[in-house]
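Subject: Structure for you, with notes

Hello,

Here is the structure I said I would hand over. My notes on it follow.

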Amino acid sequence: RVQLVESGGGSVQAGESLQLSCAISGDSDTSAMAWFRQAPGKEREAVAAIYSRAGTIARTYYRDFLEGRFTISHNPGKNTMTLQMNSLKPEDTAMYYCAADRGLKTPWRALRPDEYNYWGQGTQVTVSS
């Protein structure tokens with residue numbers, strides 16, 4: 001059974017930073033990972049994705065609207081995925097979810113929520129202007 005537990009959300013002012021973490025446990029292959037977010041009244045959308053296995057170079061994918069403000073990473077030894085969020089904007093306010101699945105995905109598939117079988121419960125990020 002795979003479990004994903006997010007942490008690190010909170011309330012910040014515009015321009016500040018936050019780091020989200022996702023602790024992944026279980027016996028299944030979870031080398032495809034991603035962060036999604038969902039604001040009230042909006043659909044869940046991808047933020048960034050990563051393919052990471054011990055001994056290989058990680059592949060990362062980002063949504064264009066991030067403009068380089070966020071960085072996704074993964075520590076294979078701890079099986080923890082991180083999202084470093086800098087220069088936060090009020091429009092980044094949302095519930096952030098980590099997700100995981102097996103196998104290498106194409107860039108298009110890696111950013112689709114229906115490609116992931118395992119999900120965390122979410123962590124709230126609120127950015128005030």
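I begin with a residue pair between two strands: Val-5 has Ala-23 in S3 as its bridge partner. The strand names come from DSSP runs numbered from the N terminus, with at least two residues (E) for a strand and at least four (H or I) for a helix. Strand S1 (residues 3-7) pairs with S3 in the antiparallel sense, over five bridges. Two strands count as paired if DSSP finds at least two bridges between them.

Before the rest, two notes on how to read this. The model is predicted, with local features needing pLDDT of at least 70 and side-chain atom pairs counting only at pLDDT 80 or more, while totals for chains, interfaces and linings use all residues. Residues are numbered from 1 along each chain as its sequence is written, and side-chain values use heavy atoms, with hydrogens and water left out.

Strands S3 and S8

S3 is also joined to S8, by six bridges, and these two run antiparallel. Ser-21 stands opposite Thr-82 in S8. Thr-82 has 15% relative accessibility and counts as buried; buried means under 20% relative accessible area, exposed means over 50%, and partly exposed is in between (1.4 Å probe, protein chains only). Not counting residues up to four places away in sequence, Thr-82 touches Gln-19, Leu-20, Ser-21, Trp-35, Thr-71, Ile-72 and Ser-73. A contact here means heavy atoms within 4.5 Å.

The disulfide

The structure holds one disulfide, defined as a pair of cysteine sulfur atoms within 2.5 Å. Cys-22 is joined to Cys-98, with 2.1 Å from S to S. Cys-22 lies in strand S3 (residues 18-25) and Cys-98 in strand S9 (residues 94-101), so the link ties together parts that are 76 residues apart in sequence. The link of Cys-22 and Cys-98 is right-handed, with 60° about the S-S bond. Both Cys-22 and Cys-98 are buried.

Nonpolar cores

A nonpolar core is a set of buried Ala, Val, Leu, Ile, Met, Phe, Trp, Tyr and Cys residues joined through side-chain atoms within 4.5 Å. The largest has 26 residues, and those with the most contacts inside it are Trp-35, Val-47, Phe-70, Met-81, Leu-83, Met-85 and Tyr-96. At least two residues of this core come from each of S3, S4, strand S5 (45-51), strand S7 (70-75), strand S8 (80-85), S9 and strand S11 (123-128). Leu-83 has a list of contacts beyond four places in sequence that includes Leu-18, Trp-35, Val-47, Phe-70 and Tyr-96. A second, separate core has ten residues, among them Ala-32, Phe-36, Ala-49 and Tyr-61. As background, nonpolar side chains tend to be buried together in soluble globular proteins.

Aromatic rings

Two aromatic pairs were counted. The rule takes rings of Phe, Tyr and Trp (its six-membered ring) with centres within 6.5 Å, and calls planes under 30 degrees apart stacked, over 60 edge-to-face and the rest tilted. Phe-36 and Tyr-116 are edge-to-face, at 5.6 Å centre to centre and 70° between the planes. Phe-36 is in strand S4 (residues 32-38) and Tyr-116 is in the loop between helix H1 (107-110) and strand S10 (118-119), 80 residues apart. Phe-36 is buried at 0% relative accessible area, and Tyr-116 is buried at 5%. The rings of Phe-36 and Trp-119 have centres 5.0 Å apart and planes at 45°, so that pair is tilted. With Phe-36 in strand S4 and Trp-119 in strand S10, the pair ties together parts that are 83 residues apart in sequence. Trp-119 is partly exposed, at 26% relative accessible area. Phe-36, Tyr-116 and Trp-119 form one aromatic cluster.

Two charged ends sit over rings. The rule asks for NZ of Lys or CZ of Arg within 6 Å of the ring centre and within 35 degrees of the ring normal. Arg-44 has its charged end over the ring of Tyr-97, 3.9 Å from the centre, and Lys-105 has its charged end over the ring of Tyr-116, 5.4 Å from the centre.

Two further residues

Thr-30 is in the loop between S3 and S4 and is buried, at 9% relative accessibility. Arg-59 is in strand S6 (residues 59-62) and is partly exposed, at 45% relative accessibility. Arg-59 touches Ala-49, Ile-50, Tyr-51 and Leu-104, leaving out residues up to four places away in sequence.

Regards
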